[in-house]
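User: I would like to learn how to read a model like this one. Please take me through it feature by feature.

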There are 2 protein chains.
Amino acid sequence: MNTIKKITLIGSGNVASHLGKAFFDTGFIINEVYSKSIDNAKFLSKKLHSSATDSIRNLKSDSDVYIICIKDDSINYVVKEFLFFDKLIVHTSGSVAMEVLTQFQNYGIFYPLQTFSKEKNVMIAEVPLCIEASDKKSEQMLINLGKSLSKNVHLINSQQREKIHLAAVFACNFTNYMYTISEDILTQNNIDFDILKPLILETAKKINDNSPKAMQTGPAKRNDEVVMQHHINLLANNKDYQEIYQLITSNILGNSK
Amino acid sequence: MNTIKKITLIGSGNVASHLGKAFFDTGFIINEVYSKSIDNAKFLSKKLHSSATDSIRNLKSDSDVYIICIKDDSINYVVKEFLFFDKLIVHTSGSVAMEVLTQFQNYGIFYPLQTFSKEKNVMIAEVPLCIEASDKKSEQMLINLGKSLSKNVHLINSQQREKIHLAAVFACNFTNYMYTISEDILTQNNIDFDILKPLILETAKKINDNSPKAMQTGPAKRNDEVVMQHHINLLANNKDYQEIYQLITSNILGNSK
């Protein structure tokens, strides 16, 4: 059978919740939700009208695909316990190679390149889905599955995927940490963080049509030494922020190693 | 007179162009545009149906406000040359104290907290405008001027403004540099930067309703040592990026000084 109808979700966290909801809303049957915590499994399975389990060995055998959406370092545990060697099994991690699944007959990757949070809906139709598979038939099944959710489906091999994941750490996780520092500076000075939000959104939107390299602005870009020195002085009470300021400034200035 | 109708723009760069267009579109008269390059002054003045000059000493004297929109380190030059001591004069810098204008009778700050680029329109109605003034009458004139452009007008003193500007360097300039690194990593591996854009936009949107501190995700947040070490290895050919990765990761991990 080339078409996926029934899905088992192995995991109940943010990725499982968002993918599960997207599949369910698109008309797929969520057959079962696994979590090592049966309460977590039940919490998600209720919303997805599926059954719940806390045992990999006792998973129902009649799903068309088993999607692992758990922390990277728990994938090996699932691989050890999973008994349906002839079933299509995929994981959703950005940094784990596909080879971790080679003991199975048909396997692959279904990596959604997005940041998922509990209380924030995501437009799944825009989310890039990175697909890789052990064989052409599984690849086509996963592409079809991806296209049923998103307009943004890509064939990406494991070497590319780990580079994308690394780039995403800078573009998402580190960017969010820059937001955190800016909020901290404002809060310490009794200024509402809201005042920065239009700037943050515009900074993200600007690169939609332009390379970020061409969009760089600020004191380091225009080599404004007075402002840079003043900022470093203002950060004297926080050596961590000061060090980050100096390092990134030095890089923008082009003082590379 | 309490109402501003005629405006002189001292400067012809991104801030002058965007503010000038916004004023013009709102019905203000742009009386004159100054630039040290007469060609640049003329280029902008044409769009704003105003005259142009390259001499501060020969500025027309009949404007209601003179808005300095030039590089921080050129403000002192304008202050030295400007002869209308009884006119309202303001600057638009995030980091220069209002006191630079004390030799005039009525002065202030009109600081738009946004990143302006040549080829990108900005929704001026959303841009926070930070106002400060030497006296209540000038303050009210600048507030009225601000409110005619934006829904987002704030009274901000010079001490707060320099903190906002510092926070903006992290939230905008350094964030954009994170985007630049991510683009570089992808380009080096022949992957289109477009694949990261939905993630970048979502990361910025997430903090609209949530503190970025609560939204932090990624390998450092979940202390995934295998992934972090692998990323550091992947960056072996770029010591700058490796150093940035290590420093920010260490901060997210909470290994502060």
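Analyst: Start with contact: two residues touch when they have heavy atoms within 4.5 Å of each other. The contact between the chains takes 87 residues from chain A and 87 residues from chain B. This is a predicted model, where local features need pLDDT of at least 70, side-chain atom pairs count only at pLDDT 80 or more, and totals for chains, interfaces and linings use all residues. Residues are numbered from 1 along each chain as its sequence is written, chains are lettered from A and ligands numbered from 1 in the order in which they are written, and side-chain values use heavy atoms, with hydrogens and water left out.

User: How much area do chain A and chain B bury between them?

Analyst: The size of an interface is often given as the accessible area lost when the parts come together. Here that loss is computed with a 1.4 Å probe and summed over both parts. Chain A and chain B bury about 8600 Å² between them. Carbon and sulfur atoms carry 68% of it.

User: Which three residues supply more of the area that chain A buries than any other three?

Analyst: F170(A), F174(A) and I195(A). They supply 8% of what chain A buries against chain B.

User: How many salt bridges are counted between chain A and chain B?

Analyst: The test is a side-chain nitrogen of Lys or Arg within 4 Å of a carboxyl oxygen of Asp or Glu. The count between chain A and chain B is 0.

User: Now one chain. How many helices and strands does chain A have?

Analyst: Both are DSSP runs, numbered from the N terminus: helices are H or I with at least four residues, strands are E with at least two. Chain A has 9 helices and 8 strands. Its C-alpha atoms fill a box of roughly 65 × 35 × 30 Å, taken along the principal axes.

User: In what order do the strands form the sheet?

Analyst: Strands of a sheet pair through backbone hydrogen bonds, either parallel or antiparallel. Two strands count as paired if DSSP finds at least two bridges between them. In chain A the 8 strands form an open sheet, in the order β3-β2-β1-β4-β5-β6-β7-β8, with mixed pairing. The edge strands are β3 (51–53) and β8 (153–155) of chain A, each pairing on one side only. The twist averages 25 degrees from one strand to the next.

User: Which helix packs on the sheet and touches β1, β2 and β3 of chain A?

Analyst: Angles here run from 0 to 180 degrees between N-to-C directions, with axes fitted to C-alpha atoms, for helices over the stretch in contact. Helix α2 (residues 38–47) of chain A touches those strands, and its direction makes about 165 degrees with that of β3(A). Helix α5 (residues 158–188) of chain A lies across β5, β6, β7 and β8 of chain A, at about 25 degrees to β6(A).

User: In what sense do individual strands pair?

Analyst: Take β2(A) first. It runs parallel to β1(A), with 5 bridges between them. I7(A) stands opposite I30(A) in β2(A). β2(A) and β3(A) are also parallel, joined by 3 bridges. There, Y34(A) has T53(A) as its bridge partner.

Now β7(A). It runs antiparallel to β6(A), over 5 bridges. P112(A) is the bridge partner of L129(A). With β8(A), β7(A) pairs in the parallel sense over 3 bridges. L129(A) stands opposite V153(A) in β8(A).

User: How many of the residues of β7(A) are buried?

Analyst: Buried means under 20% relative accessible area, exposed over 50%, partly exposed in between (1.4 Å probe, protein chains only). In β7(A), 5 of the 5 residues are buried, so the strand is largely enclosed by the rest of the structure. In a regular strand the side chains alternate between the two faces of the sheet. Both faces of β7(A) are covered: L129(A), I131(A) and A133(A) lie on one side, C130(A) and E132(A) on the other. β2(A) is mostly covered, with 5 of its 6 residues buried. Over chain A, buried residues make up 58% of the 257.

Methods
Buried area = accessible area lost by both parts, 1.4 Å probe.
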